[in-house]
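Student: Hi! Could we go through how the chains of this model meet?
Tutor: Happy to, here it is.

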Amino acid sequence: MTAATPAATLEFRRATKRYSGQSRPAVEELSLTVPAGEICVLVGPSGCGKTTAMRMVNRMTDITEGDIRLDGASVRERSPAELRREIGYVIQQIGLFPHLTIGENVATVPRLLGWDKDRIRGRVDQLLALVSLDPADIRDRYPAQLSGGQRQRVGVARALAADPPLMLMDEPFGAIDPINRERLQNEFLRLQAEIRKTVVFVTHDIDEAIKMGDKIAIMKEGGKLAQYAPPAELLMHPGDPFVEDFVGADRALKRLALQRVRDIDLWTAPLVRTGEPVAEVRAKLEEADVQIPLLVDAEGRPVGWLSERGLAGERVREELRSRPDPRIEMDDVLRDALADLIQAETRYAPVVDARGRAAGILSIEVIGHALNVPQEEVPAS
Amino acid sequence: MILELAQVQIHGRSGGGSCVQNDGFCPDWITSNLDRYVDPFLQQVFLVVVSVAVGFLIAGALALLAHRRRWLVGPIIGVTGVLYTIPSLAAFFLLQPITGRGKLTATIALVGYTLLIIFRNVTTGLRGVPEEAKDAGRGLGFTDNQLLWRVEVPLALPEIMAGLRIASTTTVGLATLAFFAGAGGLGERFVGSQIVFKSNVVVAGGLCVLLAIALDLVILGAQRVLTPWTRARSA
Amino acid sequence: MQTTLAFLGQFGGAIDFIFHQRESYAGGVQIGGSEMLDLAWQQIKLSAVALGIAIAVAVPIGLWLGHVRRFSFFAISVSNIGRAVPTLALLAFFAAYLGLGFTNVAFALTLLAIPPILTNTYVGVYQVDRDTVDAARGMGMRGIDVVRRVELPLALPTIAGGVRTSAVNVIATATIAPLAGATSLGFPILNAQIYGPEGQIGAAMVVAVLAVAADVLLGLFQRAVTPRGVKLEAGDRQGRPLAGFRKRGVQTA
């Protein structure tokens, strides 16, 4: 990738938004700093001013009092259009331009900035690949031809096009169905690990906030900041009754969102292939945590749980007792993995890596064990 | 009442035999007299194209003006509405003391008629642009002008073109009357006794209808070319 | 200065013509003054007959088509085709094939008036909220009741818009009716040798006023038949009322 723009620091300095005719401000004296390269989630109930606060950063909503500084420079001193070209902007309804192809949509800001055609073309393809879309396939299509999930990815790609130092995202996955939302969240986090942008992310969903945020700013009605802290601290030391209430009574379970499957010790199950000598399989069974062999294909991808009949002869035969579902990914957060296990009404499931190869077994006991790990050892993100 | 009949005198026509004498539909007469229709037809085409083009420019400008100043919409609709309602024949003569007779008068009256239609369609088209596309556009860094020309107008094109189609087909009809303003056109083929001559009426009327359809198709074709995204089917 | 006075002079002469009878240019006959009323009345009669029959024909058909939600291509195309036919050509066609006179012109005008009313009635009924119709059926209304009590009242503003459009078209075309042997205010306009320029302009002024008056009256009628709830709802995407747009009825292409 070409040299990336360094991520910017963002500082709210007693930023206030007052609408004429209303007694209470929409955002009241918001002060917080987002360190470069981190995701700050603004979360709170409806009407708490989180979206307004975000929109003040790129001056879609003007600041009444106070200031917002991007890398130390006040945003009030820049012309809005110019400022916005340096800030990525992703909204819930996505807002792709229906009359432009995907490629042209993504190229919007580079075009505004006057990049030359070749550079733009290369950048568009790079970005589409970055958000897991096939450039050759998608580039010349129109938004109407894409699914909701695909459109949202294009929205993110478009925001990243000019490599801005800051990204603003307003409930970007809110309009997507829950399954795809989870995938998009994971993908975005993977992306963020690579590109490390400073992100302001607005959501009303505390679970999403905990999953996505490096720092979380909980806002209450009237645009006031209730608490600004990393997720672990928020869960373990809520600042006041409002925060405690908003985070929810299931704080302990929520901690599961802070860990990923790859972070914990998984159980082992014997991985067998068709045609393997049964004697070897029995040997593996001795040492394994799970007493049922998992049949895998030549690449190591799970095919199914082997039944006893499969071990009847000299060599392993493909006789399955059940399918290897749900397939858990290494990158899944524990909370989602637990939900999948419960949903599938199974005690354990195979974990696969990025290439789909079996890497271990996740069970409810394993998760339970992770919950018992002392507080201090819970990773920060 | 005698006056009206005096206006329309049925008198015999020269040549052509009994078909023509009886004001019938005579293919022979038509083929040998087609050249009579060429000039009026061309005059009419010219009038229509100029009037719609000028109307489009004026109404388009008004719509852009009213786009950011909503309060202008009411008054503009009021004025263009009156221009639309006044029958064109009357308009030709109301203009006569000011612009006399001829192509200018006819064009002004015809332009006046198109204003309401085009203004309404441009404005509706602009209003129909999805709000999220505008929000995203502004957020990405478009200035107001850039947003207008690169996002709002293209997305309003289908509605705008629809307005142009309506305006041009109706203007063809009205331009038929331009003859009475002294501006030529196929209207001359409908006066006096010619109005009962079937062959004549079919040709002149047919040419008008063909012109209207042709213009409609041309604009429709242009719309297809200019708005490829409207044809993209969902995945 | 000279041109301004002359200009006023022509309009002044026209206004004078409207109010004072005088002898025609061709001699012998009295023109102007009360004759304007007579001609205007003739035009109104002609227009009213055509409009009345058109409503009687087009509204039931439009209601039925809209209610069963069928043949939309026909219902919309009839207006597109209607627009492509120049009114003068239509009049001429009927004059050539049916002859001259009031009846035949009225017939032509009726045909002219039908498309906007038909299309607007169809669209007006079609656009009635499906949930409302469902609820009505759920309450036990038969088809005919649904039309009468739910669809027709809710479609009335759009229908009125279509009638308004037709009325304007009909009055305009009735102006040229003298070419096909029927009396109307177009007669002075088309006979400069009898009426002179004041007569032409005077008649033109009366026609203009007549047309605008009809439009305004029908506009008031349209507003009167719009249920208050619908008026509040009929905003644009941003929730602001569409200043005067809905009133003219459907633009189809």
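Tutor: α10(B) and α4(C) make a left-handed crossing (left-handed: the near helix is turned anticlockwise from the far one by less than a right angle; helices are DSSP runs of H or I, at least four residues, numbered from the N terminus). This is a predicted model, where local features need pLDDT of at least 70, side-chain atom pairs count only at pLDDT 80 or more, and totals for chains, interfaces and linings use all residues. Residues are numbered from 1 along each chain as its sequence is written, and chains are lettered from A and ligands numbered from 1 in the order in which they are written.

Student: Which residues of α10(B) and α4(C) make the contact?
Tutor: K198(B), V201(B), A204(B), G205(B) and C208(B) meet A89(C), A92(C), F93(C), A96(C) and Y97(C); contact puts C-beta atoms, placed from the backbone, within 7 Å.

Student: What classes do they fall into?
Tutor: Eight are nonpolar, one is polar and one is charged (Ala, Val, Leu, Ile, Met, Phe, Trp, Tyr, Cys and Pro are nonpolar, Asp, Glu, Lys and Arg charged, the others, Gly among them, polar).

Student: And the whole B–C contact, how many residues does it take from each chain?
Tutor: It takes 51 residues from chain B and 48 residues from chain C. On the chain B side, α10(B) gives the largest share, nine residues.

Student: Switching topic: how many residues does the contact take from chain A and from chain B?
Tutor: There, 21 residues come from chain A and 19 residues from chain B. α4(A) gives the most to the chain A side, with three residues.

Definitions and conventions
Two residues are in contact if their C-beta atoms, placed from the backbone, lie within 7 Å. Helices (H or I, at least four residues) and strands (E, at least two) are DSSP runs, numbered from the N terminus.
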